[in-house]
Amino acid sequence: MHILKIIHGYPPNYNAGSEVYSQSICNELSKHHKVSVFTREENPYAPCFSIREQKINNNLSLYFVNNPQGKDGYRHKQMDDNFAELVKQFKPDIAHIGHLNHLSTGLIDELNQLKIPIVFTLHDFWLMCPRGQFLTRSIGNSNNFQLCEKQEDKKCATDCYKVYFSGREENEPTEIENWSHWIHQRMIETKAIINKVNVFIAPSNYLRDRFINDFGIPENKIVYLDYGFPTEYLTQTEKSKDKTNYTFGYIGTHIPAKGINLLIEAFKQVEPTATLKIFGRTSGQSTNALKEVAKTSKNKIEFAGEYVNHNLANDVFSKVDCIVVPSIWGENSPLVIHEAQSCKVPVITADFGGMKEYVQHQVNGLLFEHRNANSLAEQLKFAISNPQQMKELGEKGYLYTNDGSVPNIQNHCIELDMIYQKLISKTDYKLWRVTIDTNPEDCNLSCTMCEEHSPFSTYIKEKLNGKHRRMPKEWLEPIFEQAKKIGVTEMIPSTMGEPLIYKHFAHFVELCYKYNIKMNLTTNGTFPKTTEKTVTEWAKLIVPITSDVKISWNGATAETSQKVMLKLNFEEAVSNVKEFIRIRNEHFQKTGYYCRVTFQLTFMQNNMHELADIIKLAATLGVDRVKGHQLWAHFDEVQHLSMKASPENIAQWNRYVQQAYEAQQHYLKPNGEQVILENIIPLQETEREEIPENYECPFLERELWVSATGKISPCCAPDEQRNTLGDFGNIEKTSVEKVLQSESYQNLVKNYKKIDLCKTCTMRKPN
């Protein structure tokens with residue numbers, strides 16, 4: 001897929017929230033897709049609207065349009081024309097707009113003309129407020145920065161655009177009329193964008209509600225999706241030894257809307273010894289004025305300068321006890337709040353807008369009355385007097401996950417990818433992945449918990465009469481064709497058995513290229529010598545077309561691993577992973593395309609004592625993710641190995657989880673990133689009987705399975721168990737799309753939590 005990202009600024013030239021977020025998603029998306037960024041620069045010595053290219057790598061290019069003079073306009077024909085010519089050259093599949101301020105609303109018309117679908121992430125109120133923040137920009141008033149409730153043409157002219165008036169009283173009526181007309185035309189222009197964009201994304205429910213209620217975006221056209229973050233550099237760190245008293249921090253730009261002056265005035269009311277550190281790029285006279293205000297503070301106020309995002313944890317969060325976000329406008333989803341929460345630093349912010357959506361008073365931080373310095377001062381004093389309580393609030397982290405972790409950039413971009421694919425394929429289906437059980441009975445290992453290949457299993461002998469099911473080659477392409485039609489982005493060859501043994505595996509890879517669908521591979525790590533002779537050859541075949549390679553892994557030592565995965569040579573498996581990752585890294589350096597490598601575990605009593613060491617090993621090898629699931633106990637012989645076998649086992653598992661996250665923090669990959677942990681979450685004692693009601697199925701509407709005999713199934717449960725969910729047909733007689741539309745499937749989606757199998761399913765996850 002070729003993604004066109006449009007944003008009004010890009011780091012390092014511009015480092016506000018929307019620009020930093022845009023860079024984060026472009027870096028991540030470009031690991032799997034081609035990404036072109038259209039952004040601006042301000043070069044007074046180059047022609048207006050000329051476009052300069054900067055290639056970051058094979059998958060990521062920046063295109064800078066020069067706009068040093070036209071910042072206050074909203075439409076520039078010459079920019080539109082140059083943009084259209086550029087887009088015609090590289091023909092993107094999708095456009096993702098982040099902001100059009102300082103660019104041109106006409107860019108959207110050019111995209112519509114070229115029939116390119118548009119996603120628009122709303123970072124502020126720019127479409128519904130000419131100034132973007134519902135914050136006045138007056139002149140001559142005691143306070144020029146007042147909150148504005150709604151947009152009105154004449155009010156905008158007098159409250160915000162009077163700065164452009166001549167100053168002659170006799171001209172004022174005409175100037176009000178002229179600017180009111182300008183604003184009216186501008187609002188017609190931006191209002192029309194609603195019908196020109198396919199999907200809007202709001203990073204807070206507050207912002208989403210405002211655009212629905214005050215601007216008229218239809219509810220079904222705007223989705224909530226919080227920002228994602230490169231959490232590898234946002235980890236809890238030890239506090240600096242240089243810090244001797246309670247220290248507050250501010251991070252961000254030095255402009256009035258951010259409320260730094262309010263914070264300084266509040267801090268000056270603090271009597272106990274404390275420090276305030278103000279981080280961020282200086283802004284000329286604005287910063288100088290803030291320094292003057294700070295001079296009369298009894299306590300130390302330090303202007304600590306600019307920071308590098310990748311060093312936030314060490315350069316900023318390790319030096320403060322608390323972060324303050326004092327914005328005087330309705331921030332929607334401040335990045336700094338999430339970044340602090342990721343590092344377990346408590347946040348004090350205003351009880352307004354998206355700020356209070358991500359901080360709850362005395363739950364994961366403190367709230368003060370918006371724009372009230374006295375109220376803020378009271379919360380600063382509370383923090384100084386209650387450092388341990390503040391630390392506990394910080395430990396809570398992000399409100400909307402069980403472990404307090406903020407959304408990571410990898411999962412966030414998967415969500416974006418799904419939105420893109422639906423628009424490209426012009427379907428409303430959420431399905432993004434199909435597993436084809438190509439050869440479930442073919443395997444060169446014998447894992448003790450495996451439904452078919454365990455030494456305890458009689459499945460192949462008794463259920464299949466010793467026969468091995470293998471999907472006919474001629475079935476593969478029709479399934480790919482159906483999947484592509486409805487927007488599927490990944491295909492998985494058999495997760496049962498070893499897919500690399502499937503004799504038509506190379507054809508499977510060819511179809512991935514033909515239909516531009518990524519492969520997602522689960523393998524046992526042996527890389528058998530079949531069509532490809534070495535792990536190096538396998539890696540060169542797999543890496544360029546694969547999004548994720550999940551390698552079955554069940555121990556950190558040979559002794560543990562080989563007791564679970566019989567016939568495994570552990571040392572050889574480790575060597576295989578090293579070589580596979582070497583080829584993966586080489587490919588990434590050459591092309592910018594990144595294939596993720598995952599260790600996939602089965603959580604059992606006889607291997608999870610090594611969970612922390614598995615994470616350490618993964619980090620050492622450069623494995624990106626460790627995930628897994630609780631044991632499906634198919635046989636009496638393994639029932640006792642379940643981590644849910646007794647309350648004591650559940651308690652032990654929960655200790656392993658804690659150790660796992662400690663290991664994640666301590667052991668980093670060679671590139672300095674953390675290993676991603678997935679599904680490694682505490683168990684509740686009630687899970688011995690039933691999964692909690694609020695745990696969701698990760699598969700329904702998102703994934704389907706097609707067996708080697710063509711049977712279509714809604715999940716990955718063992719055959720006999722998933723048969724109880726209903727009959728969804730066979731690929732020879734129906735299609736993937738018809739299954740999704742069927743009454744039986746829709747009923748399952750609505751009622752699965754009432755079904756016995758689903759009530760105890762180990763794959764369900766917290767919402």
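**Close-up views of a predicted model**

View 1. Asparagine 408 caps the N-terminal end of H14, with a side-chain oxygen 3.1 Å from the backbone nitrogen of glutamine 410. This is a predicted model, in which local features need pLDDT of at least 70 and side-chain atom pairs count only at pLDDT 80 or more, while totals for chains, interfaces and linings use all residues. Residues are numbered from 1 along each chain as its sequence is written, and side-chain values use heavy atoms, leaving out hydrogens and water. Helices (H or I, at least four residues) and strands (E, at least two) are DSSP runs, numbered from the N terminus. Because 13 of its 17 residues are buried, H14 is largely enclosed by the rest of the structure (buried means under 20% relative accessible area, exposed over 50%, partly exposed in between, with a 1.4 Å probe and protein chains only). Lysine 426, which follows H14, has a positive phi, near 60 degrees.

**View 2. The surroundings of asparagine 364.** Asparagine 364 lies in the loop between helix H11 (355–358) and strand S14 (365–368). With 1% relative accessibility, asparagine 364 counts as buried. Its side chain reaches the backbone oxygen of tyrosine 358 at 3.1 Å and that of glycine 397 at 3.0 Å.

**View 3. The loop position of isoleucine 139.** Isoleucine 139 is found between strand S6 (118–121) and helix H4 (153–159), in a loop. At 47% relative accessibility, isoleucine 139 counts as partly exposed.

Notes. Polar contact = N/O pair within 3.5 Å; in protein donor to acceptor, adjacent residues only side chain to side chain.
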